[in-house]
Amino acid sequence: MYKEINNKAIRKIDGFKNSDKLYLQSYFNKFKKFPMFSQVLIETRTDCNKRCSFCPQSFYNRKLAIMKWGIYKLIIDSLAEIGFAGRIALLVSNEPLLEVRLLKMIKYAKKKSSRFFIDITTNGTLLTLNFVDQLLSVGLDNLNINDYRSDRENAKERISYHLVSILETYRSNPKITYNARSTKEVLPNYAGVIPQIYSPVEFGFCNFPYRKLVFSVKGDVILCCNDFKQETNFGNIKTESILSIWNSKELNNIRVSLLNEIRIGLCSHCNDSQSYSVF
């Protein structure tokens with residue numbers, strides 16, 4: 001799998017984009033459906049403890065909502081039933097360490113299937129060495145720490161004090177990833193939530209809807225993590241199967257349009273261009 005490019009880049013590499021398009025078009029022509037998703041994002045709650053200038057949490061207030069345990073369990077059980085063997089990220093546009101059931105959720109998922117790769121990306125402000133130990137002990141496969149600092153431009157290698165002991169202890173452990181990030185970064189506009197001036201004609205194909213299945217806190221499948229306002233809904237795990245939602249006509253209409261480099265619906269307001277080679 002191709003490693004994702006630095007988040008600061010809004011435009012991605014055309015070579016990978018063209019390769020993905022050819023593969024996806026060929027697959028669809030042959031099987032009349034698109035490949036299975038390789039990643040699942042689950043929003044277990046909606047809040048965050050930071051308000052970064054590049055994040056929709058700073059521009060749009062959502063009422064706090066917490067996923068019911070029954071919905072989480074149903075998602076995990078359903079993924080195990082279809083033999084899913086990819087990444088499960090316990091977040092969408094929220095801070096996952098605010099989830100008080102996090103250890104229980106990881107433990108349940110790993111017990112349900114050893115094929116799951118459980119992943120968390122966090123701003124790290126709530127991390128302690130003991131907490132990291134607990135996360136790994138219950139089965140977390142990857143902890144990605146984004147250390148956001150306002151002085152990053154002048155202190156590129158500076159590590160926030162509370163993270164130093166963690167990184168020193170786990171310096172040889174590939175399950176811990178550290179990223180020196182800046183609070184002044186400029187990222188894509190989250191489908192128009194973040195005000196930005198851009199030309200829609202510059203953005204066509206995006207492979208996000210072909211590779212990631214995204215669950216909202218209510219159990220709805222939304223288009224992608226850029227749908228911060230959750231304006232899309234392709235089905236709910238309580239009433240429909242994962243595969244029927246993934247292969248739905250409505251979702252495929254968006255995918256076919258993207259293959260033609262035409263953005264419709266939510267995509268027409270978005271200047272993100274997820275064009276990594278992942279297939």
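Which residues of helix H3 (residues 102-112) are buried? In this predicted model, the buried positions of H3 are Leu 102, Met 105, Ile 106, Tyr 108 and Ala 109. Viewed along the helix axis, these buried residues lie within an arc of 165 degrees, so they line one face of H3. The face turned away from this buried side bears the exposed residues Lys 107 and Lys 111.

A charged residue in a loop was examined next. Asp 227 is located in the loop that runs between strand S7 (221-222) and helix H7 (242-246). Although buried, Asp 227 forms no salt bridge. The nearest side chain of opposite charge belongs to Arg 62, at a distance of 7.9 Å; a salt bridge would require a side-chain nitrogen within 4 Å of a carboxyl oxygen. The side chain of Asp 227 does, however, reach the backbone nitrogen of Gln 230 at 2.9 Å. When residues up to four places away in sequence are not counted, Asp 227 touches Ile 222, Thr 232 and Leu 266.

A further position considered is Asn 18, which lies in helix H1 (residues 14-31). The relative accessibility of Asn 18 is 40%, and the residue therefore counts as partly exposed, since this class falls between the limits of 20% for buried and 50% for exposed. Asn 18 and Phe 205 are separated by 187 residues in sequence, whereas their C-alpha atoms are 9.0 Å apart in space.

Methods. Residues numbered from 1 in each chain as written. Predicted model: local features only at pLDDT ≥ 70, side-chain atom pairs only at ≥ 80, totals over all residues. Heavy atoms only, no water. Buried < 20%, exposed > 50% of the residue type's maximum accessible area, 1.4 Å probe, protein only. Helix = DSSP H or I, 4+ residues; strand = E, 2+ residues; numbered from the N terminus. Arc of directions from axis to C-beta. Lys, Arg positive; Asp, Glu negative; His and termini not counted. Polar contact = N/O pair within 3.5 Å; in protein donor to acceptor, adjacent residues only side chain to side chain. Contact = heavy atoms within 4.5 Å.
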